[in-house]
Amino acid sequence: MSRPVPGPGDAFYLPAGTDDDGREVFTSTAHTLGPWSLTMQHMSPPSALAVRALEALHPREGSRLARVTVEVLGVVPPAPLTVRTSVLRPGRQIELLSAELLAPGADGTLRAVVRAQGWRMATADTAGVTTTVEEPMLPPAQGEHQELPDVWVPGYVDAIEWSWLSGSLDESGPGRAWGRPRIPLVAGEAPSALQQLFCVVDSANGVGSPLDVRSWTFLNTDLTVHLHRAPVGGWTGLEATTNVGPDGIGTCTAIVHDEQGPVGRSAQVLLVRRR
């Protein structure tokens with residue numbers, strides 16, 4: 001299976017205007033696909049698209065998203081996605097925001113396939129008491145390229161530049177890897193630092209998998225990211241570890257980095273199955 005190389009002008013999504021209710025609509029490109037099937041998107045691009053919507057929802061200076069939870073309500077098809085947003089809990093210092101991605105079902109009716117909720121908090125000066133217990137990762141330049149498994153569908157995994165520090169797609173156990181998008185999230189836009197992070201962070205279960213991807217699938221049903229500081233953009237580093245239970249369910253957790261050091265942690269629940 002030949003692997004596509006993203007070219008100039010490529011993106012995960014193309015703007016497709018708005019619907020009758022004024023909601024944004026996006027065309028999904030082939031770069032969102034995989035790695036498990038030609039009929040489903042990798043969850044990183046939809047998660048990043050939902051984060052884009054949260055960031056754009058009544059933005060205000062002196063605040064940022066501190067936690068985002070993405071729930072996968074169904075297969076995200078390579079189809080047009082409609083974005084619906086709301087404020088669930090307004091507040092001066094703390095707000096709970098919601099963004100949903102809607103896709104057409106078999107009968108053409110729109111249904112929610114992704115629901116993201118984010119706590120947006122007012123910021124304050126705590127530079128004098130900054131504390132980080134995790135050590136920074138080695139820089140991306142010290143990592144290495146790895147060939148992707150042929151069993152993985154071309155698309156998303158080829159649209160990310162990867163640099164591996166430890167672990168491997170052919171080894172079991174924890175992994176440490178950097179990733180950064182080769183293409184924008186939305187055509188014609190420069191993605192924010194947080195959008196760039198979410199273009200990568202859902203891949204933690206692949207970076208830290210103890211299972212051979214040729215024999216096993218391990219799809220996540222959710223993604224939660226807590227951020228103790230705002231990321232700076234560019235490369236996103238993942239120190240990922242996965243635990244698999246005896247009944248087909250696992251969990252993956254990761255320390256999330258940018259090139260200045262740790263920025264937060266992620267967690268996923270996994271549905272583990274033999275191919």
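Colleague: How many bridges pair β3 with strand β6 (residues 110-122)?
Modeller: This is a predicted model in which local features need pLDDT of at least 70 and side-chain atom pairs count only at pLDDT 80 or more, while totals for chains, interfaces and linings use all residues. Residues are numbered from 1 along each chain as its sequence is written, and side-chain values use heavy atoms, with hydrogens and water left out. L65 stands opposite R120 in β6, where strands (E, at least two residues) and helices (H or I, at least four) are DSSP runs numbered from the N terminus. Two strands pair if DSSP finds at least two bridges between them, and for β3 and β6, which pair in the antiparallel sense, the count is nine.

Colleague: Which residue in the turn of the hairpin formed by β5 and β6 has a positive phi?
Modeller: Strand β5 (residues 94-104) runs antiparallel to β6 and is joined to that strand by 11 bridges, with A103 having R111 as its bridge partner. Five residues lie between the two strands of the hairpin, and the one in the turn with a positive phi, of about 90 degrees, is G108.

Colleague: Which residue forms a salt bridge with R52?
Modeller: Side chains of opposite charge can pair when their charged atoms come close. For R52 the closest N and O atoms are 3.0 Å apart, and the pair links distant parts of the chain, 28 residues apart, from helix α1 to strand β2 (residues 24-28). R52 counts as buried because its relative accessible area is 12%, whereas the partner, partly exposed at 33%, is E24.

Colleague: What is the relative accessibility of E100, and is that residue buried or exposed?
Modeller: E100 meets R84 in a salt bridge at 2.4 Å, N to O, a pair that links strand β5 to strand β4 (residues 81-89) across 16 residues. R84 is partly exposed because its relative accessible area is 36%. E100, at 9% relative accessibility, counts as buried.

Colleague: How many of the 13 residues of α1 are buried?
Modeller: Helix α1 (residues 44-56) reaches 18 Å from its first C-alpha to its last, close to the 18 Å expected at 1.5 Å a residue, taken as 1.5 Å times one less than the number of residues. Q195, in helix α2 (residues 193-201), touches A48, V51, R52 and E55, among others. The buried residues of α1 include A48, V51 and R52, and the helix is mostly covered, the buried count out of 13 being 11.

Definitions and conventions. Contact = heavy atoms within 4.5 Å. Buried < 20%, exposed > 50% of the residue type's maximum accessible area, 1.4 Å probe, protein only. Salt bridge = Lys/Arg side-chain N within 4 Å of Asp/Glu carboxyl O. Lists of a residue's contacts leave out its neighbours within four places in sequence.
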